[in-house]
Amino acid sequence: ASATGEVYEGDWSKDLRHGHGMQRDPDGGEYSGMWLLDKRHGVGKQLWASGARYEGDFNEGKMHGRGVLQSETGTIYQGEMYDGLRHGKGKLLFVDGSWYEGGFSRDRMHGMGLEQIAGSTESNVEYDFGSLVSRQPLSGCPYHYALIISIAYYEKRYKIPASERMPRASAIARVLKDPLLAGYPLENVTALTDEEATRDAILKALERLRTGCSSNSTIFIYFDGVAAEVTAGPDAGYYLCPFDYDPTDRKGSSLECFTGYGPDAGGRMIDILAELPSEKVLFTLSTQFPDALDSDVTYGSPFFREKFIERLQGLSGRAIMCGSKMDEPAYTGIFPNLIFDCLAGVGDEDNDIDNQFYARIAADGNALYTFNLMDYLRRHMHQRLPKEYASDPRMHAHITLDGGDNFVVSKRSHPTRFPMEIAKAKADLGIQGVVFN
């Protein structure tokens, strides 16, 4: 025991700690391992009073070489150490599941690496002494964003008839976020289902798209729910109905698409879609008649819906896809299920050349373009009609593209290729798999 309270048990040489030994510090810290001329040197384990710990190489009293360092907050580093600092190649694992694997310099992330923030897509990154320089998601569509809205049950105790046929927003979102199917970055996909899809939540999600996207982004907005067309009176117009839609306050509780007449006619949704910075937006509508949700709405001419779509046609880079034409019924579940199947690659079997053409573009076997999606819908729609509608096939999906623009909706990565891309990126960094015990 020393005068300062340390207690040492182990090998000595000429009154110096030398060889293997254990030292307990008065504050509760502890070191067990190799010593050289009174200094920690070689392989050892260090436990600090704060709860932090290190196991690995030491050199003249400092962490130096390779080791595993765990902070008092639970963050784990495994890799190279230099002069007591993280320096060289290593992997950092955070408590929330986020991780970084790549270069370090003087205790800070530096150089090229791989990174995954919890809930986000794995990305190639570059750091400059702890400051992020660039991030490139390892996905087929790194600059694609999606807002998926699906409402079957409404706050006013209304349920869309036969809505059990509809895939939920979460299901479509899972396909979009799957790198082998659609390739959207995880953090770029928002899904709102039923009670989540309130007017306020939808508007906030649209605002995040406006502030988070850039001109080179592509945005996929999908709305599956009730739409109300009021043909006369002060509320005359076309409205999308969120979960908390109130027919006694249509304009205040809906997503106003188009109201009014003449040069001042318009709607908030038109303004929102016009303000999105992206040059490519696909707005997809799978809507149902409100029935008992808004009993004052009657079947009539889709005048305001037509005006809404005409106005969107005038916006650059906006494509509008609908499950049926203006004067046709929309059978519940047909259109959304076809959207899901096309994105997921259903009907894209290797032995069906015709289906391959419609689900994939010939020039790029992994990309799905707007034209491919539309062709798939048209080709399969009447095959999916329930028996009760077989004699009345009046449902034709249609799309309007600004200037005939045909852009990528999703991009798959081949199942055997995508993991190889990740493995190659790790090999280029000289990093092997890391396992924390």
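Which residue stands opposite alanine 227 in S18? The legends below take up this pairing and several other close-up views. This is a predicted model, in which local features need pLDDT of at least 70, side-chain atom pairs count only at pLDDT 80 or more, and totals for chains, interfaces and linings use all residues. Residues are numbered from 1 along each chain as its sequence is written, and side-chain values use heavy atoms, with hydrogens and water left out.

**Figure 1. Overview of the protein.** The secondary structure comes to nine helices and 24 strands; helices (H or I, at least four residues) and strands (E, at least two) are DSSP runs, numbered from the N terminus. Of the 437 residues, 46% are buried, where buried means under 20% relative accessible area, exposed over 50%, and partly exposed in between (1.4 Å probe, protein chains only). Among contacts (heavy atoms within 4.5 Å) between residues at least 6 apart in sequence, 51% join residues at least 24 apart. The protein exposes about 20,700 Å², and carbon and sulfur atoms supply 50% of this area; accessible areas come from the Shrake-Rupley method with a 1.4 Å probe, and for residues only the protein chains shown count as cover.

Figure 2. Leucine 240 in S18 stands opposite alanine 227. S17 and S18 run antiparallel and are joined by five bridges; two strands pair if DSSP finds at least two bridges between them. The hairpin of S17 and S18 has six residues between the strands, and glycine 233 in its turn has a positive phi of about 90°. S18 (residues 237-241) also pairs with S19 (residues 255-259), in the antiparallel sense over four bridges, and threonine 259 in S19 is the bridge partner of glycine 237. Five of the five residues of S18 are buried: Gly237, Tyr239 and Cys241 point one way from the strand, and Tyr238 and Leu240 the other way.

Figure 3. On a 1 Å grid over the protein atoms alone, a cavity is a set of points where a 1.4 Å probe fits but cannot get out, and lining residues have an atom within 4 Å of a point. Grid points are joined across faces, edges and corners, and a volume is the space filled by probe spheres set on the points. By this rule there is one cavity of 30 Å³ or more, and the largest cavity has a volume of about 40 Å³. The lining consists of Leu147, Ile149, Ile202, Leu206, Ile221, Phe223, Leu240, Leu255, Met269 and Phe283. Strand S13 (144-150), helix H2 (199-212) and strand S17 (218-230) are the elements that give two or more residues to this lining. The lining divides into ten nonpolar, no polar and no charged residues; Ala, Val, Leu, Ile, Met, Phe, Trp, Tyr, Cys and Pro count as nonpolar, Asp, Glu, Lys and Arg as charged, and the others, Gly among them, as polar.

Figure 4. Threonine 284 lies in strand S20 (residues 280-288) and counts as buried at 0% relative accessibility. Not counting residues up to four places away in sequence, threonine 284 touches Phe220, Ile221, Tyr222, Phe223, Met321, Phe335 and Ile339. In helix H1 (residues 169-177), the buried residues are Ala169, Ala171, Ile172, Ala173, Val175 and Leu176. Their cover includes S13, S16, S17 and helix H6 (334-344).

Figure 5. S2 and S3 (residues 30-36) pair in the antiparallel sense over six bridges, and glycine 21 stands opposite glycine 33 in S3. Their hairpin has five residues between the strands, with glycine 28 at a positive phi near 105°. S3 also pairs with S4 (residues 39-47), antiparallel over six bridges, and serine 32 stands opposite lysine 45 in S4. The hairpin of S3 and S4 has two residues between the strands, and leucine 37 in the turn has a positive phi of about 50°.

**Figure 6. Surroundings of phenylalanine 58.** Phenylalanine 58, in strand S5 (residues 53-59), is buried, with a relative accessible area of 6%. Its C-alpha atom is separated by 6.1 Å from that of arginine 40, 18 residues apart along the chain. Leaving aside neighbours within four places in sequence, the contacts of phenylalanine 58 include Tyr31, Arg40, Lys45 and His64.

Technical notes. On a 1 Å grid over the protein atoms alone, a cavity is a set of points where a 1.4 Å probe fits but cannot get out, and a pocket is an open set with protein on both sides within 12 Å along at least five of seven lines; lining residues have an atom within 4 Å of a point.
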